[in-house]
Structure formats: structure tokens, C-alpha cells
Amino acid sequence: MTSFNKSNLLHFGVLAGLVILFFILPTYHVGVLSRVMVMAIYAMGFNLLFGYTGLLSLGHAMFFAAGMYGFGLAIKFGGFPVPAAFVVGVLSAALLALVVGLLALRTAGVAFMIVTLMFAQTAYLVVLYFGKYTRGDEGFILQQAERSLFGLDVTTETGRYFTAFTLFAVCFIALAKLVQTPFGKRLVAIRENEERARMLGYDAGRYKLYALVISGAVSGLAGVSYALLFGYVGATFSTVQYSIFPLLWVLLGGAGTTIGPFIGVLFMFYLIDISSGYTNAYMLIAGVVLVLLTVFAPKGIAGTLKARVFPWMP
Amino acid sequence: MDAMNILETKGLTKIYGGLKANTDIDFKLARGKVTALIGPNGAGKSTFVGMVSGRTAATRGRVFFEGEDISHLPAHSRIQLGLAYTFQITSVFRGLSVYENVELAAGRTLADRPSLLKAKVNSVLERVGISDRADQIAGDLSYGHQRILEIAMGLAQDPKLFILDEPTQGLAETEVDEFVALIRSLAGETTILLIEHNMKVVMATADFITVLDHGMVLAEGSPEEIHKNAAVQSAYLGTNVDA
């Protein structure tokens with residue numbers, strides 16, 4: 001079987017598995033998976049920029065929050081119907097990514113990390129400054145009636161799971177296809193050796209900007225999904241913590257792999273969930289496991305599997 | 001401008017701080033020929049091709065490619081016009097396979113025609129003799145093979161002008177011979193600007209030679225003429241011929 005078929009099989013296998021799990025898992029775990037799928041969208045958006053293009057942003061929370069607030073405020077104050085607010089949310093994140101990209105991409109490496117971190121910090125302060133509308137740290141709730149998507153009630157366990165699943169599946173397959181296109185391969189070329197890519201005639205600056213805009217838009221879509229499915233919009237999601245999470249998820253799961261971000265989110269969630277069942281010092285356990293993984297599997301779970309067992313893995 | 005010349009520079013100058021790396025270089029490159037750029041270490045050869053390819057910004061002066069003034073163009077736009085460049089220090093995509101490296105080089109123009117792209121990549125790999133290593137990761141190749149891969153990436157672009165910055169540096173004797181044969185096979189197909197220290201390679205491949213010294217053109221001519229040139233001998237050997 002060609003590696004192309006194998007990777008298709010893997011992708012559709014993961015999606016089929018998620019459908020089956022809904023019917024066999026207890027309610028608690030179904031709820032967990034809904035959340036994991038939404039956060040995996042965020043991680044996949046981050047992965048496009050970090051894992052494939054080689055740009056480490058420490059400010060992705062601003063894109064997640066831009067989606068979340070673009071969506072939430074459009075409903076609360078604009079009276080938008082959900083589908084239109086959905087589009088507003090994603091476009092807000094894409095636009096923010098474009099503006100940040102035009103400025104931040106003048107830098108590279110550590111300077112890029114710091115500039116994105118500062119922009120995200122500014123975004124957080126902006127959310128607090130306009131507390132009258134955003135309600136700051138406290139945030140605001142979107143009522144059940146405000147969250148009906150084409151008549152579908154996303155507040156039920158089933159509605160939420162399959163909405164999260166659909167959004168996850170679309171992003172998962174679309175990004176897996178994108179990185180196989182010539183465009184995606186050029187992003188990898190820039191990650192591997194930007195100067196060489198430029199001296200093959202590729203406008204590296206432009207490609208990096210496109211990657212950042214797509215990455216920001218997907219992260220924003222995750223923010224929209226979160227607000228839609230869990231009904232909460234708050235400033236917590238624009239804090240630096242939420243910029244670090246996708247980095248951890250992607251590093252754990254495997255940067256530059258299609259399946260890595262999902263594995264990373266899933267692993268991290270259950271790591272904390274299970275260890276907190278044993279002790280109050282669960283963050284200590286989580287920390288030790290993270291250190292061990294970084295030392296013994298620096299390419300992350302999927303990355304290590306790819307390097308050692310399944311070289312065909314996408 | 002003369003249609004015979006694919007590349008011309010006028011008054012090309014690079015000043016680093018107070019140091020003049022290149023001073024007012026007027027240079028003409030004949031189409032379809034192999035021209036070698038030689039000179040002692042620090043003569044400004046790499047700086048010069050850096051300004052031609054756009055990697056290095058010129059302090060002043062102009063670069064013309066096929067009669068067009070390209071002085072204002074960034075490097076990637078110059079490459080798109082048909083100029084290919086291989087690095088002095090090997091620069092390949094180390095984490096990707098040999099095939100993917102060449103695919104990226106050829107893919108700029110052929111990416112939307114997959115069957116043509118595949119044929120192009122395979123024919124280039126065949127030509128430079130590394131098609132049996134197509135699936136290897138570039139970073140795992142020997143140094144010599146990485147140099148060859150780099151040349152393959154240049155060829156894959158079907159360049160009008162191919163700039164090779166010290167391509168035989170660090171190659172074994174037999175690999176140098178293969179390289180000479182490859183360059184000779186390209187004669188007439190494309191224009192080559194070769195920066196080279198190995199005089200054996202220069203004499204075996206070049207139609208014309210330009211000698212740089214202290215950032216200035218010291219001499220130009222056929223290999224024969226350069227060989228006899230007293231000023232060149234003095235620059236290389238440090239002897240004062242007039243004394």
C-alpha cells in the first residue's frame with residue numbers, strides 16, 4: 001500500500017474511531033472528547049505555523065480569543081445569527097493574524113517569540129480595558145437560545161459532540177491535505193532552510209505571512225467553536241497560559257505531524273485528569289511526565305512513532 | 001546592451017563599514033559560455049556573486065540580466081527570472097529526502113504539472129548520478145553527495161544563468177573529475193559563472209576567466225591569456241614581476 005493510502009486510512013480511521021467512541025464511552029468521557037476535539041483544532045492551527053513553517057509564536061491565545069470574542073460580541077451586541085457570527089469570529093482572527101504578521105514577521109527566532117508574546121499581552125489588556133463589553137476576567141455566558149446552529153441544539157451532549165466532531169474533522173482533513181500541496185511543502189522547505197528556499201525563488205516572507213494568517217484563522221475557529229459549544233467567553237482564554245498550551249500539546253503530540261496535535265491534547269488532558277485522581281500534587285506528576293517525554297521522545301508521541309515505527313506517517 | 005551578454009554589472013560596489021569589498025566592478029558575462037571567477041582569498045568573489053544574485057545588497061552600482069536592470073529586485077525575484085545559485089557552504093534541506101530537495105527546486109515552475117515535475121526530478125537525479133539515493137534523507141548523505149545534490153537543485157530549475165560558488169571545495173579527486181565532466185556536458189545548454197580555487201578545474205572547464213583582486217577586476221581573458229598574465233601571477237604568488 002502506498003504511504004498516501006496509508007495516511008488516508010489513518011486519518012479516516014481516527015475520525016471513524018471518534019464516532020464509535022461516542023456510542024461506547026460513558027457520558028463523562030464523551031464530554032471530555034468534545035473539549036479535546038475543540039482544543040485539538042487550536043493545536044492544529046498552531047502546528048501549521050510551528051510544526052510545518054518553523055515559526056514559534058508565543059501569542060496564539062490572541063487569535064483564539066479574537067475568534068471567541070468576535071463570535072460572542074457579534075451575538076451579544078450585534079444580534080447576529082450564529083452562522084454569521086461564526087464567520088465574523090474566524091475573520092476577526094484572520095485579520096488580526098494579518099496585521100500582527102505584517103509587523104512581527106519582520107523579526108525571526110527569539111525576537112519573533114517576544115513580539116508575538118507582547119502582541120498577545122496587548123490583546124489581553126484590550127479585552128480587560130473594554131470590560132464594559134467583554135466583562136473582563138469574569139466573562140459572559142451565551143444562553144442556550146443564542147447558540148442554536150441551524151436549529152441544532154448544541155447544548156445537548158450529542159449535539160455538542162457531533163458539532164465538535166464535524167468542525168474537528170473538517171479542519172483535520174483540510175490541514176492534512178494542505179500540507180501535502182506544493183504550498184505546504186514550501187512551508188516545510190522554509191522551516192528546513194529559509195535561505196535555501198529563498199534562493200530557489202520562493203518569496204519566503206509571503207509564504208510565512210500566509211501560514212500565519214491560516215494558522216490564526218484556524219486558531220480563531222477553535223475559539224469560536226469553544227464559545228459556541230460551551231457557551232462561555234472570557235478573558236482567561238487570552239492569557240499567556242493559553243498561548244503556551246498549544247505549544248505543549250504540539251510538542252508532546254509531535255510537531256509537524258497531522259495527528260500529533262490531537263494526540264497531544266488528548267494525552268495532556270488525561271494525564272492531568274488521571275493524576276489528579278491520586279494526589280493534589282497532580283501538576284508535579286504531569287510535570288515529571290512532560291520532562292521524561294521531552295528527554296526520551298523529543299519528537300513527541302507521533303513524531304517518535306514516525307521516526308521509529310511508521311515512516312509513512314503524515 | 002550587447003545581446004551576447006546575459007549579465008552585466010556597472011560600477012558594482014560593496015562597502016562593509018569602511019572596507020571596500022568590491023570597487024566599481026564592470027563585468028560582462030557571455031551567454032552560453034563557462035566563465036570562471038578567480039582570485040586570492042578575500043578578493044571579493046563571493047561578495048560579487050552575492051550582489052548579482054541579490055543575497056547581498058550592493059552599496060552602489062547596477063546589475064543587468066538579459067538587458068533588464070534587476071538592481072532593485074529581491075533575491076527570490078532574480079531567481080524567478082532564471083538565475084540559479086549554489087552556496088559555497090552546502091545548503092540543502094537536510095531533513096528532507098534527496099527527491100524532495102530536487103522536487104522543491106523544480107517545483108517552482110512545474111508544481112502544477114505533477115507528471116512533468118516527476119520526469120524532471122528523475123532526469124536530473126539521473127544526470128548527476130544520484131538517482132539510486134533518491135529516498136535518502138539529504139542530511140545523511142556524504143559531503144560530496146550533498147554538493148552534487150546542490151548542483152542537481154540548480155539544474156532542476158533549468159537556469160539561464162547558473163552561479164556556482166566554489167562547487168568543488170572539499171570534494172575528493174574522483175568527485176572533482178565527475179564534476180568537470182558534468183560542467184562540460186552543460187556547455188552550450190546554459191551560462192555558467194563558476195567561482196573556483198582549483199585551477200585544474202578552471203583550466204578544464206572555463207571559456208573565459210575574470211580575475212578579482214582586492215575587490216577589483218585585475219584581468220579578463222581566455223585561460224591562455226590569463227595563464228600568461230604577469231599581474232595575475234604577481235597577485236597569486238606575491239612576486240613583483242617588474243623587479
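Predicted model: local features only at pLDDT ≥ 70, side-chain atom pairs only at ≥ 80, totals over all residues.
A residue counts as buried here if 20 or more other C-beta atoms lie within 10 Å of its own.

**Entry: chain A overall**

I began with burial in chain A, and 46% of its 314 residues count as buried. Next I looked up the secondary structure, and chain A has 14 helices and two strands. For the dimensions, I find that the C-alpha trace of chain A spans about 50 × 45 × 40 Å along its principal axes.

Does the radius of gyration of chain A agree or disagree with that of a compact globule? A compact globule of 314 residues would come out near 20 Å and chain A has 19 Å, so the two agree. I then checked how far apart in sequence the contacts reach. Counting contacts in chain A between residues at least 6 apart, 76% join residues at least 24 apart.

**Entry: A:A104**

I picked one residue of chain A to look at up close. A:A104 sits in helix α4 of chain A, residues 82-104. Buried or exposed? I put A:A104 down as buried, because it has 25 C-beta neighbours inside 10 Å and the cut-off is 20 or more.

Then I asked what A:A104 touches, leaving aside neighbours within four places in sequence. The contacts of A:A104 are A:F112, A:V115, A:T116 and A:F119. For one of these I also looked up a distance: A:V115 is 11 residues away from A:A104 along the chain, and their C-alpha atoms are 6.0 Å apart.

**Entry: where A meets B**

The contact draws 13 residues from chain A and 16 residues from chain B. On the side of chain A that touches chain B, α8 (182-192) and α9 (194-198) each supply at least two residues. Which element gives the most? That is α8(A), with four residues. Sorted by class, this side of chain A holds five nonpolar, two polar and six charged residues.

**Entry: the four-stranded sheet of chain B**

I moved on to the strands of chain B. Four of them make an open, antiparallel sheet in the order β2-β1-β4-β5. Its edge strands are β2 (19-30) and β5 (68-69), each pairing on one side only. I followed β1 (residues 5-16) of chain B, and it pairs with β2(B) in the antiparallel sense over eight bridges. As a landmark on that pair, I marked B:L12, which stands opposite B:I25 in β2(B).

**Entry: the six-stranded sheet of chain B**

Another open sheet has six strands in the order β6-β7-β8-β3-β9-β10 of chain B, with mixed pairing. The edges are β6 and β10 of chain B, each pairing on one side only. From one strand to the next the twist averages 15°.

Helix α1 of chain B (residues 45-53) packs on this sheet, touching β3, β6, β7, β8 and β9 of chain B. The direction of α1 makes about 150° with that of β7(B).

I traced the partners of β3 (residues 34-38) of chain B. With β9 (residues 208-213) of chain B, β3 pairs in the parallel sense over four bridges. With β8 (residues 191-195) of chain B, β3(B) also runs parallel, joined by four bridges.

B:D213 stands opposite B:M216 in β10(B). β9(B) and β10(B) form a hairpin with two residues between them, and B:H214 in the turn has a positive phi of about 50°.

**Entry: helix α5 of chain B**

Last, I looked at α5 (residues 143-155) of chain B. At 1.5 Å a residue its 13 residues should span 18 Å; the end C-alpha atoms are 19 Å apart, so that agrees.

How many residues of α5(B) are buried? I get 11 of the 13, which means this helix is largely enclosed by the rest of the structure. Among them are B:H145, B:R147, B:E150 and B:M153. What do the buried residues of α5(B) pack against? My note reads β6 (83-86), α3 (98-110), α4 (114-128) and β7 (161-165) of chain B.

How values were computed: Residues numbered from 1 in each chain as written. Chains lettered and ligands numbered in written order. Rg over C-alpha atoms; globule rule 2.2 N^0.38 Å. Buried ≥ 20, exposed ≤ 12 C-beta atoms within 10 Å, placed from the backbone. Contact = placed C-beta atoms within 7 Å. Nonpolar A, V, L, I, M, F, W, Y, C, P; charged D, E, K, R; others polar. Expected span 1.5 Å × (residues − 1). Pairing = 2+ DSSP bridges. Axes fitted to C-alpha atoms, helices over the stretch in contact; angles between N-to-C directions.
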